[in-house]
Amino acid sequence: MTETETPTTFNRVMLKISGEALMGDQGYGLHPPTVERIAREVKAVHDMGVEICMVIGGGNVFRGLQGSAQGMERTTADYMGMLATVMNALAMQSALEGLGVFTRVISAITMNEVAEPYIRRRAVRHLEKKRVCIFAAGTGNPYFTTDTAATLRANEMSCEAIFMGKNGVDGVYDKDPAKHDDAKRYDMVTYDEVLQKRLGVMDASAIALARDNNLPLIVFPLDTPGGFKSILEGKGTFTRVQG
């Protein structure tokens, strides 16, 4: 353990954030100061010696389901959404490497000029060398969300948990806390409860994949400074989905 490292119960984790988290106060696209702030949160955990995978959504640029709802052919719309995730991954890579954190963007769609193709054993080796791996372009298939991609890659990379960074909430609630003053926050909730009560943590296929592989989900506030690191230190406010 180096001088910068702090004890943590996790050795390798997946961080899943939405594309909207990169918008800041804007209504669209990327807000570079917000991207850099999130990169600093990632660096703080990386400095603890934790191996980090990331999946970032693409909703700040293009969301496949919305395109489909407006008449676009679904497969085409989903591929456009995948390309949006690559742009976000490249932005995060730039921010992380600006902070001195070696990073690899690994795409499920081949685009050799900007990203590595997904090869599981190569990605594992990057993690072992303490490089942050950002998995882009979802699973490479239409009809699957980045939530499912994050759960799939977390299992393939043998991550010990998926950290779901949310803006505006500090965990999982039984109803929308922005609309209901009596919303109850869960400290712990099971996969089946999430599915039965439609709690909106992830889409159903992602929750089922996590449940089938007993992969814990930790939902925490991404907009709380130091929140990611504090949870890895055993502090902070969050909801754990497991069991």
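A salt bridge here is a side-chain nitrogen of Lys or Arg within 4 Å of a carboxyl oxygen of Asp or Glu. With that in hand, welcome to a short tour of such pairs: a search of the whole structure turns up 16 salt bridges. The model is a predicted one, in which local features need pLDDT of at least 70 and side-chain atom pairs count only at pLDDT 80 or more, while totals for chains, interfaces and linings use all residues. Residues are numbered from 1 along each chain as its sequence is written, and side-chain values use heavy atoms, with hydrogens and water left out.

**Lys229 and Glu233**
- Lys229 pairs with Glu233 in a salt bridge whose closest N and O atoms are 3.9 Å apart.
- Lys229 is partly exposed at 28% relative accessible area, and Glu233 is partly exposed at 29% (buried is under 20%, exposed over 50%, partly exposed in between, with a 1.4 Å probe and protein chains only).

**Asp192 and Arg211**
- A salt bridge of 2.9 Å, N to O, links the side chains of Asp192 and Arg211.
- Because Asp192 sits in helix H6 (residues 191-196) and Arg211 in helix H7 (residues 204-212), this pair ties together parts that are 19 residues apart in sequence.
- Helices are DSSP runs of H or I with at least four residues, numbered from the N terminus.
- Asp192 is partly exposed, with 33% relative accessibility, and Arg211 is partly exposed, also with 33%.

**Asp187 and Arg185**
- The side chains of Asp187 and Arg185 form a salt bridge at 2.7 Å, N to O.
- Asp187 is exposed at 51% relative accessible area, whereas Arg185 is partly exposed at 26%.

Key. Helix = DSSP H or I, 4+ residues; strand = E, 2+ residues; numbered from the N terminus.
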